[in-house]
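Me: I would like to go through this structure with you, beginning with the strands. Please have a look at it first.
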Amino acid sequence: MPQSKVIAKDKFKSLLKNNMKVMVGGFMTDGTPEQLIDAMVESGVKNLTIICNDGGYPDRGVGKLIANGQVKTLIASHVGLNPNVAKLMNSGELEVQLVPQGTLAEIIRAKGAGLGGVLTPTGLGTLVQEGKDVITVSGKQYLLEKPLGADLALVDASYADNFGNGVNIGTTRNFNPLMAMAADLVVMGTYDVREPGTIDPSSVTIHGVLIDYIVKIEEV
Amino acid sequence: MDAKQIIVRRVAKELKNGDLVNLGIGLPTLVADYIPSDINVILQSENGMIGMGHIVDGEHDRNLTNAGGRTVTILPHGSCFDSAFSFALIRGGHVDVTVLGTLEVDQHGNIANYMIPGKMVPGMGGAMDLVTGSKKVIVVTTHTDKFGNSKILKQCSLPLTGMKCCDLIVTELAVMEVTTDGLKLLEIADNTTVDDVIAKTEAPLILAKQIGTFSAN
């Protein structure tokens, strides 16, 4: 039987380094492992590149790292619900790279799936096209979007076994299964850690083989 | 009836039984309130759901939200999925209709709705994929801005969300189809005139042979 991957929050903090590229699952903080972000705030690591669907809210999700001045670059599709992002972007303290949401999902998936990139029609004729190759296939134009990986991915599961087989309930799935495939180190946060064999294998949305560590999140 | 209600009530008439529809956050969301009860329209939410129900106020179920982060219900036929699948549906042409708001729209069907350089940069979210992949793209907007300037332009000036991607524009005054020759005026509200609509529209309008009306009351 594989060993439990559950670690204490302090051990998680010891994995964090300055300048890391970190993927964070969730969509407007739905399906975001909030307490792993709290631990990153406590650790004080700096110069982070954060890859997330959105900029969260000023006091929730990756917004907490942004408010604490720990983020150098944010790669996201939408930052409109966190006014701090616009403020810090305009003052030059935060670099923001906007990526269409479907492209963001697919370039993360491409990294995790070992593909050299994605051909997508999304963004043709817009600012997104700048600096990218346009490739014609069967008479249709596509942008070549290159794979996107990270040093660390923080993913959320509604519940998981201690090997890391996780289930995302409802709309908490979003980017979590994709990011679990695309980073060198993958840490899962979940409120509910169960014994192996107690989760229906066919309902697993994040597969345990991809998970390095699990942090059991305390109910608040 | 206010402009927003007139617009969304008219847009609802565009939806057909069995359509898979994505409604943007804000004004487009209100279209759901006017879908006739005798047709079955299935709502897709790009954060990972088909069969979205209504926004639930006062409750806090973080397991079911819409693309604006609000708690919603899911209907009995609904299902949930990850973001790659969600956008495969969108890009792959499985979404029949997308309805979205805009900052600018023009006679070529160009849409600009995700940034005003130097002022406001909320980001495109899923909009670029939605306007690229949906079979029919409907833009909803008030006909003029708060200063009385036309929002139906000859040429968008803001960074584009999508190029030549809009199929139909619905305002509180008019329904306009984007054709290869330009904007075709199909209908006007029953409290205005064709001349009034032309006067309030920067883009040239091609008049349909028979211009219908829709209710503004």
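Reply: One definition before the strands: two strands pair if DSSP finds at least two bridges between them. Please also keep in mind that this is a predicted model.

Me: Fine. In β9(A), which residue does Met23(A) stand opposite?
Reply: Met23(A) stands opposite Ala153(A) in β9(A). Strand β2 (residues 21-24) of chain A and β9(A) run parallel and are joined by 3 bridges.

Me: And which strand does Lys21(A) face, with which residue opposite?
Reply: Lys21(A) has Thr49(A) of β3(A) opposite. Here too 3 bridges are found, joining β2(A) to strand β3 (residues 48-51) of chain A, and the two run parallel.

Me: What sort of unit do β2(A), α2(A) and β3(A) make?
Reply: They make a right-handed β-α-β unit. Helix α2 (residues 34-43) of chain A lies across β2, β9, β12 (183-190) and β14 (213-216) of chain A. The helix runs at about 115° to β12(A).

Me: How many bridges join β3(A) to β4(A)?
Reply: There are 4 bridges between β3(A) and strand β4 (residues 71-76) of chain A, which run parallel. Ile51(A) has Ile75(A) as its bridge partner in β4(A).

Me: What is the strand order of the open sheet in chain A?
Reply: The sheet has 8 strands in the order β1-β14-β12-β9-β2-β3-β4-β5, with parallel pairing. β1 (6-7) and β5 (95-98) of chain A stand at the edges with a single partner strand each, so one side of each has no neighbour in the sheet.

Me: Now the core. Which residues touch the most other members of the largest nonpolar core?
Reply: Met23(A), Ile50(A), Ala153(A) and Met179(A) do, in a core of 114 residues. Strand β9 (residues 150-157) of chain A gives this core its largest share, 6 residues.

Me: What is Ile50(A) in contact with, leaving aside neighbours within four places in sequence?
Reply: Its contacts are Val22(A), Val24(A), Val62(A), Leu65(A), Val71(A) and Leu74(A).

Me: Changing topic: how many residues of each chain are in contact across A and B?
Reply: 38 residues of chain A are in contact with 31 residues of chain B. On the side of chain A that touches chain B, the elements giving two or more residues are α4 (83-90), α5 (101-112) and α6 (176-182) of chain A. The largest share comes from α5(A), with 5 residues. By class, that side has 18 nonpolar, 16 polar and 4 charged residues.

Me: And in chain B, how many residues of helix α2 are buried?
Reply: Helix α2 (residues 83-91) of chain B is mostly covered, with 7 of its 9 residues buried. Among them are Phe87(B), Leu89(B), Ile90(B) and Arg91(B).

Me: What covers those buried residues of α2(B)?
Reply: Both chains contribute: the cover includes α5, β6 (118-120) and α6 of chain A, together with β2 (42-45) and α3 (127-133) of chain B. The helix α2(B) is followed by Gly93(B), whose phi is positive, near 80°.

Me: Finally, what is the pairing in the open sheet of chain B?
Reply: The pairing is mixed, in a sheet of 10 strands ordered β4-β3-β2-β1-β5-β8-β10-β11-β12-β13. β4 (72-80) and β13 (205-214) of chain B are the edge strands, each pairing on one side only. On average, neighbouring strands of this sheet are turned by 30° against each other, direction ignored.

Me: How do β3(B) and β4(B) pair, in the parallel or the antiparallel sense?
Reply: Strand β3 (residues 49-55) of chain B pairs with β4(B) in the antiparallel sense, over 4 bridges. Met52(B) has Ile74(B) as its bridge partner in β4(B).

Technical notes: Residues are numbered from 1 along each chain as its sequence is written. Chains are lettered from A and ligands numbered from 1 in the order in which they are written. This is a predicted model: local features need pLDDT of at least 70, side-chain atom pairs count only at pLDDT 80 or more; totals for chains, interfaces and linings use all residues. Two residues are in contact if their C-beta atoms, placed from the backbone, lie within 7 Å. Ala, Val, Leu, Ile, Met, Phe, Trp, Tyr, Cys and Pro count as nonpolar, Asp, Glu, Lys and Arg as charged, and the others, Gly among them, as polar. A nonpolar core is a set of buried Ala, Val, Leu, Ile, Met, Phe, Trp, Tyr and Cys residues joined through C-beta atoms within 7 Å. A residue is buried if 20 or more other C-beta atoms lie within 10 Å of its own, exposed if 12 or fewer, and partly exposed in between; C-beta atoms are placed from the backbone. Axes are lines fitted to C-alpha atoms, for helices over the stretch in contact, and angles run from 0 to 180 degrees between N-to-C directions. A crossover is right-handed if, with the strands pointing away from the viewer, the path from the first strand over the helix to the second runs clockwise.
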